[in-house]
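I opened the notebook to record what I looked up in this model, one topic at a time. The entries start with a helix and its surroundings, then move on to charged pairs, a single residue and the strands.

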Amino acid sequence: MPRLRIAFTASNAPLAQEALAELTQRHGSIAPEEAQFIVALGGDGFMLQTLHATQALDVPVYGMNRGTVGFLMNEYDGDKLVQRLQDAEEEIINPLIMTALAADGSMHTALAINEVSLLRAGPQAAKLRITVDGKLRMPELVCDGALVCTPAGSTAYNYSAHGPILPIGSDVLALTAMAAFRPRRWRGALLPKKAVVRIDVLNAEKRPVMADADGKSVRNVVSVEIQSNPSIRHRILFDPGHGLEERLFQEQFA
């Protein structure tokens, strides 16, 4: 049987580095550009880093958990790695693209596999205006922040903010408020995947807001546009019966 071309990458955590040394000794390692598979060793944060770093490559990424939560990862077991890679099921995820205008007039773009969030950056609550596809939907939301997430990111920050869990393949995005004060009972909205969401910051000087896309932050934003980017496809591999869809079901009945 021809040897699989595997590129290994690992976080700096000791467990991940130990796994990297063990697996590269067994299987060797090549550059991601030449690989059939990329194996990421770490936690969910490192998986996101790996997906962003390899987004220009049409190579699937298989994660093994050497971190904490590992929602995007498979259990660690290097003994049958080749067979696991061959049997793995693939999920396709499209990231969000954030275009943020800062108070100094600079424009910033970033991609987010999980979510784009706007967060208050001062002692006072943020005041946000929400427009969807050019139509004003909420003139003023007073809150600690708001986020737009993908189905893959719906069990991350969105879930902590009491947002809905979205099944993979549902072609929807979740718009969720964090600690909404007014409207007090507003818990968010489900939007079509193709929707373009614009969030304007009201009283930006008095109530500063930062925007974040998977850890890439922009301070003192005055407006942010968020939409799905179907031109980028992240290919993630999971062991049979343990894919994202099954994990999302498990989270909803936990």
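Entry 1, the helix. I began at the end of α1, which is followed by G28, a residue with a positive phi near 75°. Before going further I noted that this is a predicted model, in which local features need pLDDT of at least 70 and side-chain atom pairs count only at pLDDT 80 or more, while totals for chains, interfaces and linings use all residues. I also noted that residues are numbered from 1 along each chain as its sequence is written, and that side-chain values use heavy atoms, with hydrogens and water left out.

The element names follow DSSP runs numbered from the N terminus, helices being H or I runs of at least four residues and strands being E runs of at least two. Helix α1 covers residues 14-27, and its 14 residues reach 20 Å from the first C-alpha to the last, close to the 20 Å expected at 1.5 Å a residue; that expected span is 1.5 Å times one less than the number of residues.

Which residues of α1 are buried? I found A16, A19, L20, L23 and H27, where buried means under 20% relative accessible area, exposed means over 50% and partly exposed lies in between, with a 1.4 Å probe and protein chains only. Seen down the axis of α1, the buried residues fall within an arc of 105°, so they line one face of the helix; the arc is taken from the directions between the helix axis and the C-beta atoms. On the face turned away from that buried side I listed the exposed residues P14, E18 and Q25. The cover over the buried residues of α1 includes β1 (6-10), β2 (37-42), β3 (61-65) and α3 (81-87), with contact meaning heavy atoms within 4.5 Å.

I searched the whole structure and found eight salt bridges, each being a side-chain nitrogen of Lys or Arg within 4 Å of a carboxyl oxygen of Asp or Glu. One of them joins the side chains of R26 and E22 at 2.9 Å, N to O, and because R26 and E22 are four residues apart in helix α1, about one helical turn separates them. R26 counts as partly exposed at 39% relative accessibility, and E22 also counts as partly exposed, at 31%.

R26 forms a salt bridge with D79 as well, the closest N and O atoms being 3.0 Å apart. Since D79 lies in the loop between β3 and α3 and R26 in helix α1, the pair ties together parts that are 53 residues apart in sequence. D79 counts as exposed, at 59% relative accessibility.

I then looked up D144 and R120, whose side chains meet in a salt bridge at 3.4 Å, N to O. D144 lies in the loop between β9 (135-143) and β10 (145-149) and R120 in strand β7 (residues 115-120), so this pair ties together parts that are 24 residues apart in sequence. D144 is partly exposed with a relative accessible area of 29%, and R120 is partly exposed with 34%.

I placed T9 in strand β1, where T9 counts as partly exposed at 25% relative accessibility. Leaving aside neighbours within four places in sequence, T9 is in contact with L20, I38, V39, A40, L41, F46 and T50.

In what order do the six strands of the open sheet run? I read β12-β11-β10-β7-β14-β15, with antiparallel pairing, where two strands pair if DSSP finds at least two bridges between them. β12 (189-192) and β15 (216-218) stand at the edges with a single partner strand each, so one side of each is left without a neighbour in the sheet. Strand β14 (residues 209-213) pairs with β15 in the antiparallel sense over three bridges, and A211 stands opposite V218 in β15.

Last, I checked strand β5 (residues 96-102) and strand β6 (residues 107-112), which pair in the antiparallel sense over six bridges, with T99 opposite T109 in β6. β5 and β6 form a hairpin with four residues between them, and G105 in the turn has a positive phi of about 90°.
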